Amino acid sequence: MGDNKSPRDFPRSTEQGYWQWRDELESGLSVDAPEAARSLVHEANGWYEAFLRNRRRLLIRRSVLHGLGITVVALGVLAAAVVAGVYWRDRVWATVLCGVLAALALYRYVSTLAATRAAHNLEHRVLSRQFPAPQAIWEETVRKHTG
């Protein structure tokens, strides 16, 4: 029931879809017929680009949602510090403590956003290594067969 799936039939954004697609591609690549293999690689590029685009969208969405979450938390802590500082403005120690708490919240916010950006950039670079392109798969196949 459908053993002859084309690469376009596999789910685009899942790892399982990539590995199924890659198995199908590798089984179709033949070192004995390089022109047919190049044609297959050219066709596979469309599926691969759609796969990477979907994976990047998921990566961006996750990074943005994490950034929004930390923003809401930081704004809540800052608002609480400001309200407490205004409420206890006649007590100097409470105002200073609220100021220190607000400064720590801002520091934590900025450092978390920087870490989120660094993680996003790292995951973006790793994505192409974890899921090689059709041309890289073809070159690896040729390298294996030629020794």
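These questions and answers walk through a predicted model of one protein chain.

Visitor: How many helices and how many strands are in the chain?
Guide: Read along the sequence, the chain follows the pattern α-α-α-α. The count is therefore four helices and zero strands.

Visitor: Is the chain spread out or a compact globule, going by its radius of gyration?
Guide: Along the principal axes, the C-alpha atoms fill a box of roughly 85 × 35 × 20 Å. For 147 residues the globule rule gives 15 Å, and the radius of gyration, 26 Å, is well over that. Because of this, the chain is more spread out than a compact globule.

Visitor: What percentage of the residues in the chain is buried?
Guide: A residue counts as buried when its relative accessible area is under 20%. Of the 147 residues in the chain, the buried ones make up 28%.

Visitor: What share of the contacts with a separation of 6 or more is between residues 24 or more positions apart?
Guide: A contact here means heavy atoms within 4.5 Å. Taking the contacts in the chain with a separation of 6 or more, residues 24 or more positions apart account for 76%.

Visitor: Which elements give two or more residues to the lining of the largest pocket?
Guide: The largest pocket holds about 170 Å³ of space. Its lining includes Arg 55, Leu 58, Leu 59 and Arg 62, and also Glu 123, Val 126, Leu 127 and Gln 130. The elements that give two or more residues to this lining are α2 (34-87) and α3 (92-130).

Visitor: How many residues of that lining are nonpolar, polar and charged?
Guide: Leu 58, Leu 59, Val 126, Leu 127 and Phe 131 are in the lining, and Leu, Val and Phe count as nonpolar. Glu 15, Arg 55, Arg 62 and Glu 123 line the pocket too, with Glu and Arg counted as charged. Gln 130 is also in the lining. The division is five nonpolar, one polar and four charged.

Visitor: Is Thr 112 buried or exposed?
Guide: Thr 112 is found in helix α3. Not counting residues up to four places away in sequence, Thr 112 touches His 66 and Ile 70. The relative accessible area of Thr 112 is 11%, and the cut-off for buried is under 20%. Thr 112 is therefore buried.

Visitor: What is the C-alpha to C-alpha distance between Leu 101 and Ala 81?
Guide: Leu 101 is found in helix α3 and, at 42% relative accessibility, counts as partly exposed. Leaving out residues up to four places away in sequence, Leu 101 touches Val 77 and Ala 81. Leu 101 and Ala 81 are 20 residues apart in sequence, and their C-alpha atoms are 6.6 Å apart.

Visitor: Is Leu 97 buried or exposed?
Guide: Leu 97 is found in helix α3. The C-alpha atoms of Leu 97 and Gly 85, 12 residues apart along the chain, are separated by 8.1 Å. Exposed means over 50% relative accessible area. Leu 97 has 52% relative accessibility, so Leu 97 counts as exposed.

Visitor: What distance separates the C-alpha atoms of Gly 67 and Gly 17?
Guide: Gly 67 is found in helix α2 and counts as buried at 12% relative accessibility. Gly 67 and Gly 17 are 50 residues apart along the chain, and their C-alpha atoms are separated by 29 Å.

Key. Residues are numbered from 1 along each chain as its sequence is written. This is a predicted model: local features need pLDDT of at least 70, side-chain atom pairs count only at pLDDT 80 or more; totals for chains, interfaces and linings use all residues. Side-chain values use heavy atoms; hydrogens and water are left out. On a 1 Å grid over the protein atoms alone, a cavity is a set of points where a 1.4 Å probe fits but cannot get out, and a pocket is an open set with protein on both sides within 12 Å along at least five of seven lines; lining residues have an atom within 4 Å of a point. Grid points are joined across faces, edges and corners, and a volume is the space filled by probe spheres set on the points. The radius of gyration is taken over C-alpha atoms; the globule rule is 2.2 Å times the number of residues to the power 0.38. Buried means under 20% relative accessible area, exposed over 50%, partly exposed in between (1.4 Å probe, protein chains only).
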